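Hi everyone, thanks for coming. Please open the sequence and the structure side by side, and we will walk through a few spots together.

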Amino acid sequence: MDMLTPARTWGVNDHKHTHPPELLERMRWPQRIAMLATVILPFLGFLGAIALLWHRQDGIFGIGWGEMIVMIVMYSIAGFGVTIGYHRLLTHKSFDCPRWVRLTLAIFGSSAAQGMTIRWVATHRRHHQLSDMDGDPHSPHTHGFDGLRGLIVGLWHAHIGWTFDVDRPNLERSVQDLLADKAMLFIDQLYLLWVALGIFIPAVALSLWTGTWEGFLAGMIWGGLLRIFLMLHVTWSINSVCHVFGSREFESSDHSTNNFPIALVSLGEGWHNNHHAFPTSARHGLRWWQFDSSYVIIKLMSYVGLAYNVRVPNEAAMQAKLKKPAAVETPEFAKVEASTQTVE
Ligand SMILES: [Zn+2]
Ligand SMILES: [Zn+2]
């Protein structure tokens with residue numbers, strides 16, 4: 001178990017009403033239950049979905065319209081809650097928004113069952129501070145093995161193995177801004193409620209629509225458990241796949257990559273090399289052809305005043321960070337001409 005920081009080190013803003021180290025201690029039980037539920041329940045949902053499909057013939061491939069609609073709606077609410085809320089807003093402050101939008105996004109993100117808001121943000125800030133170095137909570141590159149074994153061990157750890165690790169020490173130091181917000185702490189403490197509502201609401205919706213208990217079960221699975229299962233693996237793929245497979249356009253001190261298929265299913269988060277090069281950018285798909293649905297939503301939010309001060313790097317900043325061509329590809333004559341400016 002990691003040691004919690006003594007209370008006095010929290011005194012930056014000297015909160016009278018909260019006592020964060022105790023708070024983090026109280027978080028541990030919900031955290032453990034949530035972790036267990038996160039691994040087991042969505043997988044049962046996945047099996048349940050297969051079982052339900054067994055004797056269904058309507059819709060597409062046996063999947064009914066109701067199931068598809070609750071899946072798409074809930075995937076969008078929880079997914080954008082994580083990508084726009086947890087990640088681009090709360091972790092990286094890539095845009096500003098009204099307070100109620102900020103809190104609503106935290107609730108939406110919680111329903112993805114990827115962890116309590118403040119802990120998620122703390123873990124992800126640590127990932128950026130120490131990306132692919134010792135201390136990175138989920139790097140596929142820091143496990144001391146070579147070759148195929150190293151690849152497999154690394155990918156396993158980055159994808160799912162890291163979720164069973166104890167918290168890194170002093171994680172809470174990086175989230176003073178969130179701990180200072182009482183409403184955010186309140187939402188954080190109700191994490192399991194948001195997860196439960198994210199499963200229960202689509203279940204009720206589909207049972208009302210179909211007027212059957214079978215609808216309730218299908219809604220719980222397609223809008224809840226299966227949706228959580230799929231989304232967890234998509235998000236974990238950013239940590240595993242997008243630090244190993246894909247292309248790198250920009251210089252960054254890690255192995256982050258851009259990966260088109262992952263970007264598509266992860267609502268734009270798979271442009272991960274771009275993101276490590278420009279962490280505070282609200283836009284991850286920086287090129288016109290790099291589709292980034294989360295940025296499309298942030299843009300739409302900005303038109304109606306739900307987002308402002310949206311941060312995006314300009315062309316000059318992007319040019320300055322472009323990856324230098326590898327030395328072996330430089331023709332001999334070019335090397336002579338450029339020798340006075342060449343840097344390794
Ligand atoms: Zn990363
Ligand atoms: Zn990030």
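Let's begin at I298, which sits in helix α12, residues 293–303. When I say helix, I mean a DSSP run of H or I with at least four residues, while a strand is a run of E with at least two, and both are numbered from the N terminus. This is a predicted model, so local features need pLDDT of at least 70 and side-chain atom pairs count only at pLDDT 80 or more, while totals for chains, interfaces and linings use all residues. Residues are numbered from 1 along each chain as its sequence is written, and chains are lettered from A and ligands numbered from 1 in the order in which they are written.

Is I298 buried or exposed? I298 has 25 other C-beta atoms within 10 Å, so I298 is buried. The cut-offs are these: 20 or more other C-beta atoms within 10 Å of a residue's own means buried, 12 or fewer means exposed, and in between is partly exposed, with C-beta atoms placed from the backbone.

Which residues does I298 touch, if we skip its neighbours within four places in sequence? They are I84, F95, A282, A307 and V310. A contact here means that two C-beta atoms, placed from the backbone, lie within 7 Å. Now look at F80: F80 and I298 are 218 residues apart in sequence, but their C-alpha atoms are 9.7 Å apart in space.

Another pair of that kind is P98 and L306. They are 208 residues apart along the chain, with 6.5 Å between their C-alpha atoms. P98 belongs to the loop between α2 and α3, and it counts as exposed because 12 other C-beta atoms lie within 10 Å.

Let's step back to the whole protein. It has 14 helices and 0 strands. Of its 344 residues, 40% are buried. Among contacts between residues at least 6 apart in sequence, 64% join residues at least 24 apart.

Next, how helices meet. Two packed helices are described by the angle between their axes and the distance between the axes. An axis is a line fitted to C-alpha atoms, for helices over the stretch in contact, and the angle runs from 0 to 180 degrees between N-to-C directions.

Take α2 and α3 to start. Their axes come within 7 Å and cross at roughly 125 degrees, and α2 and α3 are therefore oblique to each other. For the naming, under 35 degrees is roughly parallel, over 145 is roughly antiparallel, 65 to 115 is roughly perpendicular, and the rest is oblique. This crossing is left-handed, meaning that the near helix is turned anticlockwise from the far one by less than a right angle; clockwise would be right-handed. On the α2 side, the contact includes F80, I84 and L90, and on the α3 side it includes L105, A106 and F108. The contact residues divide into 11 nonpolar, 3 polar and 1 charged. Here Ala, Val, Leu, Ile, Met, Phe, Trp, Tyr, Cys and Pro count as nonpolar, Asp, Glu, Lys and Arg as charged, and the others, Gly among them, as polar.

Helix α3 covers residues 99–110, and its 12 residues reach 17 Å from first C-alpha to last, close to the 16 Å expected at 1.5 Å a residue. That expected span is 1.5 Å times one less than the number of residues. Buried in α3 are L105, A106, F108, G109 and S110, and they pack against α2, α4, α7 and α8.

Now follow the chain from α3 towards α4. In the loop between them lies A113, which counts as buried because it has 28 C-beta neighbours inside 10 Å. Its phi is near 60 degrees, a positive value in a residue other than glycine.

What about α4 itself? Of its 13 residues, 10 are buried, including W120, V121 and H124. The axes of α2 (residues 65–91) and α4 (residues 117–129) come within 10 Å and cross at roughly 60 degrees, so this pair is oblique too. The crossing of α2 and α4 is right-handed. Y86, H87, L90 and T91 of α2 meet T117, W120, V121, H124 and R125 of α4. Those residues divide into 4 nonpolar, 4 polar and 1 charged.

That's my tour, and I'm happy to take questions.
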